[in-house]
Amino acid sequence: MPILTLVAGGALLNAGVAHGASGASGVQETRAPKPISREAADTRTEQRTVASYWTEARMEAATPIDVLAKRTNGVQFSASVGAPAKGRVSGGSPLTVTPTAPGSAARLAPAQAQQAAAPNSSGTAWTRGGAVTMTTGRIFFTYQGRNASCSGSAVTSANKSVVLTAGHCVKLGGAFHSNWVFVPGYNEGERPHGTWVATRLITTPGWNSREDVNGDMAAAVVAPLDGKLLTDVVGGQGWRSTRGGVSRCTPSAIPPPAGTTARG
């Protein structure tokens with residue numbers, strides 16, 4: 001997962017700060033815009049259907065989303081140009097964005113602009129083992145009738161079921177993706193930790209309404225697999241936001257998967 005997505009992720013769940021009216025004390029009140037949430041496969045029947053849809057052949061044939069949809073609002077998803085379509089746990093950054101229209105860099109925060117200007121990478125296989133090989137993986141979904149893929153990471157949360165990714169990996173072109181699954185540790189058809197089906201997709205108001213790259217972040221809640229929760233199986237990456245100071249995951253902001261109870 002790119003630094004851009006992981007570091008900015010706190011802005012999704014603690015969703016930035018919007019100024020409200022002054023309270024009785026004269027202190028300016030603040031409130032966070034609510035993330036946009038969409039049901040995915042929220043019944044066991046739907047989850048079985050989605051899981052069975054993703055055969056090894058379909059996963060291997062899925063095209064990275066940045067190849068299918070190369071730009072939005074003047075920003076190009078460019079790092080996978082020349083990269084193989086097969087998803088791998090990699091040290092590359094397939095979700096890095098590069099401004100392609102005059103003035104588009106001005107819409108990025110300084111750290112984001114620096115990341116956007118970084119040289120493109122086709123991705124290098126991760127060989128150091130550790131938590132990266134379990135918590136990071138490939139996301140597969142159907143986008144406008146075509147099978148596509150992204151990258152994502154399991155992150156710590158109270159419900160132990162959250163995958164953090166980019167906004168365009170859950171919604172693009174005005175519609176949420178379907179058949180959404182996360183495969184931690186995916187490597188050329190191998191699924192060492194199983195296929196986790198999303199029950200809910202979540203993104204920022206900015207990405208949902210106008211696909212603004214500054215809000216290009218998202219999360220998914222995945223259903224239990226064989227009675228176990230995601231981070232109980234693969235662990236979870238920690239995360240923080242540099243917007244408005246350090247932010248931590250707000251457990252109440254993300255509902256538990258259908259049929260489960262959030263746990264600390």
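Predicted model: local features only at pLDDT ≥ 70, side-chain atom pairs only at ≥ 80, totals over all residues.

Reader: Fine. Leaving aside neighbours within four places in sequence, what is Ala131 in contact with?

Author: Thr136 and Gln237, with neighbours within four places left out.

Reader: Where is Ala131 found?

Author: In the loop between helix H6 (110–116) and helix H7 (132–135).

Reader: How far apart are Ala131 and Gly235?

Author: 7.3 Å in space, C-alpha to C-alpha. In sequence they are 104 residues apart.

Reader: Which helix holds Val234?

Author: H9, residues 230–234.

Reader: And is Val234 buried or exposed?

Author: Buried, because its relative accessibility is 5% and the cut-off is under 20%. Beyond four places in sequence, Val234 is in contact with Met134, Thr135, Ala154, Pro184 and His193.

Reader: Switching to cores. Which residues touch the most other members in the largest nonpolar one?

Author: Phe141, Trp180 and Leu230. That core has 25 residues. Strands S8 (136–143), S9, S13 (178–184), S14 (196–203) and S15 (218–222) each give two or more residues to this core, and so does H9.

Reader: What does Leu230 touch, not counting residues up to four places away?

Author: Ala154, Lys160, Ser161, Val162, Val163, Phe182, Trp196, Val222 and Gly235.

Reader: In what sense do S8 and S9 pair?

Author: Antiparallel, over 8 bridges. Ile139 has Cys150 of S9 as its bridge partner. The hairpin of S8 and S9 has 2 residues between the strands, and Gln144 there takes a positive phi near 50 degrees.

Reader: How many bridges join S8 to S13?

Author: 5, and those strands run antiparallel too. Gly137 has Pro184 of S13 as its bridge partner. Pro184 is also among the contacts of Val234.

Reader: You mentioned Cys150. How many disulfides does a search of the whole structure find?

Author: 1. Cys150 and Cys169 form it, with sulfur atoms 2.1 Å apart. The two cysteines are 19 residues apart, and the pair links distant parts of the chain. Cys150 is in strand S9 (residues 146–155), while Cys169 is in the loop between strand S10 (162–165) and strand S11 (171–172).

Reader: Left-handed or right-handed?

Author: Left-handed, with -80 degrees about the S-S bond.

Reader: Are Cys150 and Cys169 buried or exposed?

Author: Both Cys150 and Cys169 are buried.

Reader: Where is His168 found?

Author: In the loop between S10 and S11. That loop also holds Cys169.

Reader: Why does His168 count as buried?

Author: Because its relative accessibility is 0%, and buried means under 20%.

Reader: What does the His168 side chain make a polar contact with?

Author: The side chain of Asp216, at 2.8 Å.

Notes
Residues numbered from 1 in each chain as written. Heavy atoms only, no water. Helix = DSSP H or I, 4+ residues; strand = E, 2+ residues; numbered from the N terminus. Buried < 20%, exposed > 50% of the residue type's maximum accessible area, 1.4 Å probe, protein only. Contact = heavy atoms within 4.5 Å. Disulfide = S-S within 2.5 Å. Core = buried A, V, L, I, M, F, W, Y, C linked by side-chain atoms within 4.5 Å. Pairing = 2+ DSSP bridges. Polar contact = N/O pair within 3.5 Å; in protein donor to acceptor, adjacent residues only side chain to side chain.
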